[in-house]
Structure formats: structure tokens, C-alpha cells
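Please look through the structure shown here before reading on.

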Amino acid sequence: MEALKQSIQDNLRYLIARPREVISRNDWYMALSHAVRDRMVSGWIGAGKKLLNPQQRIVSYLSAEFLVGPHLENNLMGLGLTDAARQALAELGQDFDWIVGQEEEPGLGNGGLGRLAACYMESLATLGVSAFGHGIRYEFGIFDQTIERGGQVEVTDKWLQYGNPWEIARPEAAKEAGFGGTTEWYRDAFGRNRKRWLPAKVVKGVPYDTPILGYGGTLSIPLRLWKAEAVESFDFQAFNLGNYERAVEEKVSSENLTKVLYPNDSFLAGRRLRLEQQYFLVSCAMQDMMTIHLRSGRKPIEFDAKWACQLNDTHPAMAVAELMRILVDDCGESWEAAWECTKRTFGYTNHTLLPEALERWPLDLFAKVLPRHLEIIYEINQRHLDEVRRRWPGDEERVQRMSIVEEGLVRQVRMAHLATVGSAHVNGVAAMHSELVRNTLLRDFSEMAPEKFTNVTNGVTPRRWMALANPGLAALITEKIGDRWLVETQQELRRLEEFAGDPEFRARWREVKLENQRRLKPVLARFSNVNDVNVHALFDVQTKRIHEYKRQHLNVLRILAEYLRVKRDPGRSMEPRVYLFAGKAAPGYFMAKLMIRLIHAAADVINEDRDVAGRIQVIFLPDYNVKHSMFVYPSADLSEQISTAGKEASGTGNMKFALNGALTIGTLDGANVEIRNLVGAENFFLFGMTVEEVEELWRSGYSPWSVVGRNPELEEVLQRLAAGDFSQGNRETFKPLVENLLGSDPFLVLADFAAYDDCQSRVSAAWRDQERWTMASILNVARTGFFSSDRSVREYCDAVWRVPVPGA
């Protein structure tokens, strides 16, 4: 503790260099963070040395998102220094929690995809696997969400405004990425005809390394984030001629590449920027890996022996073509050898079954931005289709389905197809999802190469999502079974089952949950402006990205139906509930934004109605992020996982809720299936159509109107929405939503409404028996250790990456 205290004081003097009288909260945070980072350096340097071992195969995790969350507390826990830091600051007259709260959360992700990547990086480090994360250093991240008059407003996320103590810039390791231009044939020194790319524009990528600490503090692995800069940031000649804007034009244009995560692609300029952004990431990353590879003494064509590259969805799929360009164009390897090397290098994780989320790039745009890569993709595709025709002669429909280039009015490059063809393994992220990938989405590819397809169910790190987010529960668990559950989660948590029948243990379990809800209360007061939360109510929580397939509107429609029941019968007996929503909508997604407005409209009416006071409360927590979620997951009693069957790939929020003792109400979708199998059907509230029933309903002809006609309560809710009863008399506000549901109901909200409503009645009945509910909560935690990201990473190492786990 004394050494840490001295380091903090030294940093205040020599790093911050300000008089004690004017030292700010951020100064204290920076001083503490640098002191902590200093203690991570040994493990970081050790990981760096392994990179140059020619026999060491390294995992490279390529992802457009890394939603790492706040670093400070996580790193203190990993090093075992939390108590020492708390004591050191106290002796220096500072409050630990106040200083920790200063940390700006890196806005480097939008949800499950980025949070999964962060969990995997932490597990890789904890397990001692040599690994590298490659992503983009977004200057302004996703966006901060504010709510104005019930609607989402996007605000710039200035997460870097006060500096980032965790990163180290590596300008000497910068790479250059080209865009546009032309290609030409030439004859090399050996007389071979070769192709080269003459880009019209070149952007410099500067890497910033952040150490990701493994639990126990022995190893830190680098998360390398790339920032775009101009090769020549200042045109001195233009400046001298008085053309000041042109003098910095290249700087502005280049830096736009890494300004924000997911630029709005509802217009052409946004789509082009997103394509350039994705190529920038993979070009810098693949060049960087080749530099390390050559420095380790290996030949270019042995790249796959050194690197196992995982494509986290289709955003980095361009890496397949980029590695081919490097091997063939830059290194002079033959096409055949380069292609075999490339296929052995990559693995592809599919994260979605939604057609609109499977990236396709129009050929004309692709040709303008990446002409050489389009030529390479054409060649890959031609050879791939030759093999398809050889296997299935005369089946041109199959050829069209499997082509990387989609024909039609607008010819497009299918990035999921490129990733599949160019990878040794393709995996889904839940057992059900992987089956759907094999049997529907990529069925033709699975028939051609069944050995390529596998499953690795998602996981989350128990260190952040239990130990750090839920210290009360973690302490109770550790008291009963010891602390090995933090690293041997699946095996050790099962030991909690023996305590589920103990009334005293159940009482302490309930007290932990109640305390977590008390901890959440000031968060809701500060950010949602709700001060009178009933902490003794059932906390019914749906927090996730706002999307029609996730069906937040199904939840709200049922809440409104319940509200109208109470209005008809004010004396109606019911269990008090707090309905908590949180999540961001994509800026260009009209219907998702309208769903946020619907939640607020319901809250405005219900929360002001004395007839339901203390019984129904609706709250929306804005700007949902990792910080907020660490209060929400431990507080939930009921986890809403109500997506349309066959639409959710896996989910990770469902796992975090279960590991924190929430019971799940959900459909047989994504990882819900595995959660239910593990915790037991009696401890899971199941409703809704199955995938097969959904398919049959669409085949037989679905009429939303007929469903509504059979359900007077649902009909009343829709009529009153259309009449403006929940929008201050404005009939236009929710007209698009009601018309969408009645006209097509693409995600079967109305079709599943009655089953959902009945299931919620079962929830209320179960909640009345608090002893039985608590037992089910304990069993949820005891039986969901399977969802540790450590288990997921071990499966990747064994089945996909061919990388040993030390000590396994």
C-alpha cells in the first residue's frame, strides 16, 4: 500500500505537475491510473517477447468493436490492489469511489458484439494465451444518448477529452492504407507478370496499445487500436499562398476515417466512409502482423503458422482479400500457395441471421474504393465457383447462391460469403444459432464443406460481470465455496446448489438483491430523473440495443394492457413491478427510435396515474453503457429475452442477468435455449412460437388483423395508441408503428402477444412465493457457469485456432 501511495504522489508531482491546491478530480484519477498501469508493465513486456518467438502461434482478434468498459477498477481487481488503492487514497484525503467515477468509458462499441470481444480479450489474458486485439481508435465512439421530449437525440461522445492514461501511442509502428486509384500489369525482376495497385490516396494508421490485464495480474495482452492520420498533415505551400483550408484538407479528410463508430450509412457518403473504415482496420492490422511475423524469422508464406486471425462478424472480412494482396503482390508468392495460407489463417464468427446485417457492398462503390481488392475477390470467386460447378455440375442456381458476387439490379460483394470461403472454420455463437447457420443461412457452404462449421457459444467474464459488478453476491458466494469460481467458474459455481435449500442462505441472497436495487436507485434518480423507485417491487428489466426483432414494443404493449386492466378495476390485486428499459437505437433506424418514444409515452401516462402508483412503474435509463449495466444486471429479478424465435444469434445480456440471479422470461431463441436447458425448465419462463412454428406461420399466411380480432385487450391497446391517448392526443405519433404491426407485423409481436401475457401471469404467481423464487435464482447462478468466456476461449483455442492453453 505504501508503494502504491508513493507512486500516486510521484505521479501528481512529476506527471501532472500542478500545485496541490489546484489538483482536480481528473488529476487524481490520472495519477492513480498511471500507478496501476506501471504495475501491469512486466506482464505486458512478457507478452511482447512471446510475439517474436517463431514457434509461438498468436491469436489476432479482429473486431470493429471493443466495448471494454472502464479500466481502473477492473485492473485493480486483476492485480489484487483494490483495498490498497482505497486505503492509499483515504490516507491522502481522497474518496476512492469519487475518483473511480471520473473515468470516461471508451465508446468503442455498440452492444453485444463489442462487449463479447472485450470479454474474450480478458479471458485470453487470464488463460495466458498469446493474443492481440486489433480495432479502431474511434475519436468520438458510438454516441451519447440523451432523451428530449421522449425521443432519442445523439450527442458527441467525447471520451478522450481529458486524456486516456491506459494507452501508449506507437507512431514508429505506423502503417499506410491505400484507397482508390488504378491497377496495372508489370514484369518483375524474375520476368513474371505481376499486378500492382496505384492508390489515389494513402492514409497513415498510427497504433495505440492498451494493455488488457488477465485476472491475477501475471499477463497483459495488447489491444491495438488504429487511428487514421494524414501522411502529410500540413501543405506548407498552400498555406503560404493563403489557402488555409486546403493546407489542412488532407489531415481532415484522413482523420474522418476514425472519428465515429458506424457512420450513418443511409446515404452514399456514409456507406463509402464505412467501407473505407473497415478496410483501414484490416489493412493496418494485417500489415502489422506481417511485420511481426517477418521479424520473428518466419517466411511470408508461413504466416498461418504464426497467426490465427478471428473475424468478429463481417466487418473485418476484407482481411481475406488484404492478406492475399500482401502475399501475392507485396511478397511475390504464387496464388495457390497464398490462398492455402490465407484459408488456414482465418476463422469467421457469424453473429446474425438478419439479411440486412449481412454486409453487402455495391460493386461500383467497391471498385472506386478498393480496385485491387475487387480484382482479387473476382479471382477468389471464379476459382470457388469452378469448384462448385465441379461438385454440382449443371446446378447454376446453387452457383448463384454461393457466389461471392451477388447478381441483380445492383451487383454486390457478399462479405459473409467472402469470410466463409476464406476461412478454415465458421462458427455460430449459440447451439441453435449455429444450426441455423448450417441449415439455412450458409446451407450450401455447409454441404460443400461440413467440417468447416462448428459452434462456440458466447460467454462473459465473471470477473467484471459478477465480482466487480456485484460485490455483495461475489462475497456471499466466496464465503460459501471459496474464490476459485472466479477462474473455474463452470465447475465451482455448481457447488452453490447445495445451499439453495438453506432458508438462512436464501434470506441473505435476497438481502444482496435488495441492496443492489438500493444501489441502482440513485443511478435512476440521476439519469432518469425518477426518485421514488419501489425497491421492494419485482424489477422486470429489458436492456439491450433497440431493434424490432428484440421486441421492446411487445413488452410495452403488454404493460399498457396491464395498465388498462387496473384502470378498469382499480382494486385489482397485483404484484408491484418496476419495468426498466435501456438501449440505444441506430441513428437512422426510424422504427427503433419510435419504440423509444413509445416507452417514454407509456411512462409519462402510467407514472403520473395515482390509480397505479406503487404498482406499475416504467423507467427508461438513457445512455446505457458498461458503467450503467454494472448497476442494472445485479438488480434485475426478471430478465426479458423476448426476441422473435430464429432472430437472435446468442445474446450475452441474457447470460449476465442469469449469472447475477435474474430469472429469464424468453423465447427459444439464441442462447436462451442453452440457459433453459442448464437451469431447468421449471426455473425459466418460456413462451412464444418456435423457429419451426414461425416458419409454418409465414408459409400458411399470417394475418395480424385476425390475431387482434381474437384479443379484445390487445385491440384496445392498439386503438388507444392510434387515437393518441398515449401521445397527448396526437394521432400521428404512433401511426407508423400501429400500421406496421397491423399491416405486416414482421417480427410477430402480435402473434406472440397472448402467450407472452399468459407467461407474465405465471411470473406474477411465482413471485408471490419468495422462497421458491429465491431458490430458482440461486440455481440460475449455480448452473450458468458454462457461460464464462473462459470456457468459450478454451473452445476456440481447441477447435478453431489450434493454440494451446497454458496449463490445460
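The text below starts with the aromatic rings and ends with the backbone. The model is predicted.

**Aromatic rings**

A pair of aromatic rings is described by the distance of the centres and the angle of the planes. This structure holds 18 aromatic pairs. Two of them are set out in the table.

| Ring pair | Distance of centres | Angle of planes | Kind of pair |
|---|---|---|---|
| Y61 and Y120 | 6.0 Å | 90° | edge-to-face |
| F132 and W307 | 6.3 Å | 55° | tilted |

The planes of Y61 and Y120 stand at 90°, so this pair is edge-to-face; the cut-off for that class is over 60 degrees. Y61 belongs to strand 1 (residues 58–62) and Y120 to helix 7 (residues 112–127), so the pair ties together parts that are 59 residues apart in sequence. Y61 is buried, with a relative accessible area of 0%, and Y120 is also buried, at 0%.

The planes of F132 and W307 are at 55°, so the pair is tilted. This pair, too, links distant parts of the chain: F132 is in strand 2 (residues 131–136) and W307 is in strand 11 (residues 307–312), 175 residues apart. F132 has a relative accessible area of 2% and is buried. W307, at 0% relative accessibility, counts as buried as well.

Ring pairs can also join into a group. Y61, F66, Y120, Y796 and W801 are linked in this way into a cluster.

The charged end of R170 sits over the ring of W44, 5.6 Å from the ring centre. The charged end of R196 sits over the ring of Y186, with 4.2 Å to the ring centre.

**Nonpolar cores**

In soluble globular proteins, nonpolar side chains tend to be buried together. Here the largest nonpolar core has 180 residues, and the members that touch the most others are M286, F366, I380, L750 and W801. Which residues does F366 contact, leaving aside its neighbours within four places in sequence? They are L275, M318, W361, P371, H373, L374, I377, V413 and M415.

Leaving aside neighbours within four places in sequence, A601 is in contact with F726 and F734.

**Two crossing helices**

The axes of helix 14 (residues 335–345) and helix 16 (residues 371–391) come within 13 Å and cross at roughly 85°. The two helices are therefore roughly perpendicular to each other. On the side of helix 14, the residues that meet helix 16 are W335, E336 and W339. Their partners in helix 16 are I376, E379, I380 and R383.

**Backbone angles**

Most residues other than glycine have a negative phi, and most peptide bonds are trans. D623 has a positive phi of about 55° although it is not a glycine. D623 is found in the loop between strand 20 (616–621) and helix 27 (626–635), and at 16% relative accessibility it counts as buried. R802, another residue other than glycine, has a positive phi near 55°. R802 lies in the segment after helix 36 (789–801).

Note on methods
Residues numbered from 1 in each chain as written. Predicted model: local features only at pLDDT ≥ 70, side-chain atom pairs only at ≥ 80, totals over all residues. Heavy atoms only, no water. Phe/Tyr/Trp six-rings, centres within 6.5 Å; stacked < 30°, edge-to-face > 60°. Helix = DSSP H or I, 4+ residues; strand = E, 2+ residues; numbered from the N terminus. Buried < 20%, exposed > 50% of the residue type's maximum accessible area, 1.4 Å probe, protein only. Lys NZ or Arg CZ within 6 Å of the ring centre and 35° of its normal. Contact = heavy atoms within 4.5 Å. Core = buried A, V, L, I, M, F, W, Y, C linked by side-chain atoms within 4.5 Å. Axes fitted to C-alpha atoms, helices over the stretch in contact; angles between N-to-C directions. Parallel < 35°, antiparallel > 145°, perpendicular 65-115°, else oblique.
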